[in-house]
Amino acid sequence: MGEWDAPARPISPKRRRWLKILGIVCGNLALLLVIAYFVVTSAWFLKSVVLPKASGALNATITVQDASISPFSSIRLSKLRVLTTGAEPLLSAEEVHCRYSLWAILRGDIRVAEATLDTPVVRLIENPDGTSNLDPFLKSSGSETNAGSTQPIRLDLQQLAVKKGTLRYIKVLPDGGKQVAEIAGFSLTVDTVANERDGKVHIATDLKFDQGLAAPTNGIQIGRAHV
């Protein structure tokens, strides 16, 4: 007489119900994770959550027009503005682009494949009373020092580029006039900045100094530098 296979035991209604609930819960969790990922990597999240917190920490108002974020590897910001005092921003840039390794950074290695500033403008404005638009930013850092770790920073920056940059120093005179020293058309390229490794630096810029005299042609000096 042949052996008969034992019939499969049917799944009880109670067990079937729990499996259905578990499937619904897992599906909802997966959906929430997908939604959370897109929210955290969105320009809205950066503008509404990240930048306000950074602004408070730096005593400044930081804004961007748009952002493209891949949290593990890159970030691109357009129309960046950092405003401290007055109407003119301390820093503005058409675009900031950075490619990095988040996993390496979490391990303590600052590994950046590319960091690019496109058309940045830095404006340092000194008032007649000696204050400047840089003061709020300096106060945010205070006198804090990190006395904990003596380990050097492990840095691996493959390329740093500044394109068409401008550094403008404006001294407001008591009579309302201004003295302006400007570095325009600033171009900086740095290859390989890392611990115990040689790198290359190239700098090109135009220099301009306006003494704020009544006759502009007698108060403006222009030069050019390449390094």
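The structure is a predicted model, in which local features need pLDDT of at least 70 and side-chain atom pairs pLDDT 80 or more, whereas totals for chains, interfaces and linings use all residues. Residues are numbered from 1 along each chain as its sequence is written, and side-chain values use heavy atoms, with hydrogens and water left out.

**The whole chain**

Display the protein chain as a cartoon. The chain has four helices and 10 strands; these are DSSP runs numbered from the N terminus, helices being H or I of at least four residues and strands E of at least two. Along the sequence their order is α-α-β-β-β-β-α-β-β-α-β-β-β-β. Of the 227 residues, 24% are buried, where buried means under 20% relative accessible area, exposed over 50%, and partly exposed in between (1.4 Å probe, protein chains only). A contact requires heavy atoms within 4.5 Å. Among contacts between residues at least 6 apart in sequence, 47% join residues at least 24 apart.

**The largest pocket**

Next, select L46, V50, L51, A54, I62, V64, I75, L77, L80, V82, L91 and V96, which line the largest pocket. A pocket is found on a 1 Å grid over the protein atoms alone, as an open set of points where a 1.4 Å probe fits, with protein on both sides within 12 Å along at least five of seven lines; lining residues have an atom within 4 Å of a point. Helix α2 (43–58) and strands β3 and β4 are the elements that each give two or more residues to this lining. The space in the pocket is about 200 Å³, a volume being the space filled by probe spheres set on grid points that are joined across faces, edges and corners.

**S92 in strand β4**

Move to S92, in strand β4 (residues 91–100). S92 counts as buried because its relative accessibility is 13%. Its side chain makes a polar contact of 3.2 Å with that of R123; such a contact is a pair of N or O atoms within 3.5 Å, and within protein one must be able to donate a hydrogen and the other to accept it, with residues adjacent in sequence counting only if both atoms are side-chain atoms. Leaving aside residues up to four places away in sequence, S92 touches L80, R81, T119, P120, V121 and R123.

**The aromatic pair**

Now show the rings of F72 and W103. Rings of Phe, Tyr and Trp (its six-membered ring) pair if their centres lie within 6.5 Å, and planes under 30 degrees apart count as stacked, over 60 as edge-to-face and the rest as tilted. The count by this rule is one aromatic pair. F72 and W103 are stacked, at 5.4 Å centre to centre with 25° between the planes. The pair links distant parts of the chain, 31 residues apart: F72 is in the loop between β2 (66–70) and β3 (74–83), and W103 is in helix α3 (residues 102–106). F72 is partly exposed at 41%, whereas W103 is exposed at 52%.

**Two positive phi values**

Finally, select N59, in the loop between α2 and β1 (61–63). Most residues other than glycine have a negative phi. N59 has a positive phi near 55°. K164, in strand β7 (residues 154–172), also has a positive phi, of about 55°. N59 is partly exposed at 40% relative accessibility, and K164 is exposed at 57%.
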